[in-house]
Amino acid sequence: YPGWEVWRDYVAGLIASDSGITGAETAAPPPERPTGHELLLPWKTCQRMPDWQVFDPNADFQPDRKTDPEGHRLWRFKHYLNEMTAAETLGSILWMTPEMTWEYQHNVSRHLWDEIRHSQLGQIRIQQLGLKISDVPQVVQIYNVMMTLPAVDQYALLTTVIEPNGMPEKTTNREHWEAIHDDISAAAVSYDWSDENFHVRWGKK
């Protein structure tokens with residue numbers, strides 16, 4: 001990466017301006033942003049590899065879990081992979097709300113990590129089922145719509161509408177996978193369900 005030393009020195013200057021890694025040093029003056037490194041955050045549109053497929057909601061149909069359990073399982077974990085969109089939304093929310101309390105920053109950061117883990121569950125499961133990440137159409141629409149709203153509205157929509165409305169299906173899926181002895185899928189959705197409970201509580205705060 002040409003010019004990486006300039007970026008390295010800038011990051012080191014930012015750390016020094018915040019009293020160093022440990023926070024125990026004397027704070028230095030904040031450095032000037034290097035030329036050619038314009039601030040692009042938060043992204044206004046969802047970023048994906050240019051050759052990846054984009055999700056088409058009009059072509060998305062949920063297979064019946066009883067008559068087509070294999071198709072339903074693959075469909076569901078493709079959507080788990082796409083929970084990266086939720087993580088990206090939370091990252092932008094954090095970026096846009098630096099004035100909020102430490103408790104809020106802590107909870108939203110944990111929420112972000114949970115969504116990354118959910119996406120990872122999807123990634124691992126679809127790879128076990130024979131797909132690559134690039135085979136899965138990427139959901140970009142949710143992030144793009146969210147970024148038209150104020151940060152507080154984004155967080156409220158995510159934690160008081162989207163997540164609680166999805167919880168009954170998670171319970172049904174867990175019971176279904178337990179019944180057909182798909183322990184891996186059942187464990188994955190159990191982790192997700194537990195996390196979502198915390199997210200809804202944090203949103204109510």
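Modeller: Let's start from the largest pocket: helix α6 supplies the largest share of its lining, six residues. Helices here are DSSP runs of H or I with at least four residues, strands are E runs of at least two, and both are numbered from the N terminus. Bear in mind that this is a predicted model, where local features need pLDDT of at least 70 and side-chain atom pairs count only at pLDDT 80 or more, while totals for chains, interfaces and linings use all residues. Residues are numbered from 1 along each chain as its sequence is written, and side-chain values use heavy atoms, with hydrogens and water left out.

The pocket holds about 550 Å³ of space. A pocket is found on a 1 Å grid over the protein atoms alone, as an open set of points where a 1.4 Å probe fits, with protein on both sides within 12 Å along at least five of seven lines; a lining residue has an atom within 4 Å of a point. Points are joined across faces, edges and corners, and the volume is the space filled by probe spheres set on them. In this one, 19 residues make up the lining, and R76, H79, E83, I142 and I162 lie nearest the centre. Besides α6, helices α2 and α3 also give two or more residues to that lining.

Now for the charged side of α6. Here K170 is the residue to look at: it pairs with D192 in a salt bridge whose closest N and O atoms are 2.7 Å apart. (A salt bridge is a side-chain nitrogen of Lys or Arg within 4 Å of a carboxyl oxygen of Asp or Glu.) K170 sits in α6 and D192 in α7 (residues 183–204), so this pair ties together parts that are 22 residues apart in sequence. K170 also has a salt bridge to E196, with closest N and O atoms 4.0 Å apart. That pair again links α6 with α7, across 26 residues. What about burial? K170 and D192 are both buried, and E196 is buried as well. Buried means under 20% relative accessible area, exposed means over 50%, and partly exposed is in between, using a 1.4 Å probe and protein chains only.

Further along, R174 and E178 form a salt bridge too, the closest N and O atoms being 3.3 Å apart. Both belong to α6, four residues apart, or about one turn of the helix. R174 counts as partly exposed because its relative accessibility is 25%, and E178 is partly exposed at 40%. The whole structure has 13 salt bridges, and elsewhere E70, R73, R125 and D182 are linked in a network of them.

Past the helix, H181 is in the loop between α6 and α7. It has a positive phi of about 65° although it is not a glycine. In general, most residues other than glycine have a negative phi. H181 is exposed, at a relative accessible area of 66%.

The nonpolar side is next. A nonpolar core is a set of buried Ala, Val, Leu, Ile, Met, Phe, Trp, Tyr and Cys residues joined through side-chain atoms within 4.5 Å. In soluble globular proteins, nonpolar side chains tend to be buried together. The largest core has twelve residues: A87, L90, I93, L94, Y104, V108, L112, M146, A151, Y155, L158 and W202. Helix α6 (151–179) is one of the elements giving two or more residues to this core, along with α3 (84–96) and α4. It is α3 that gives the most, four residues.
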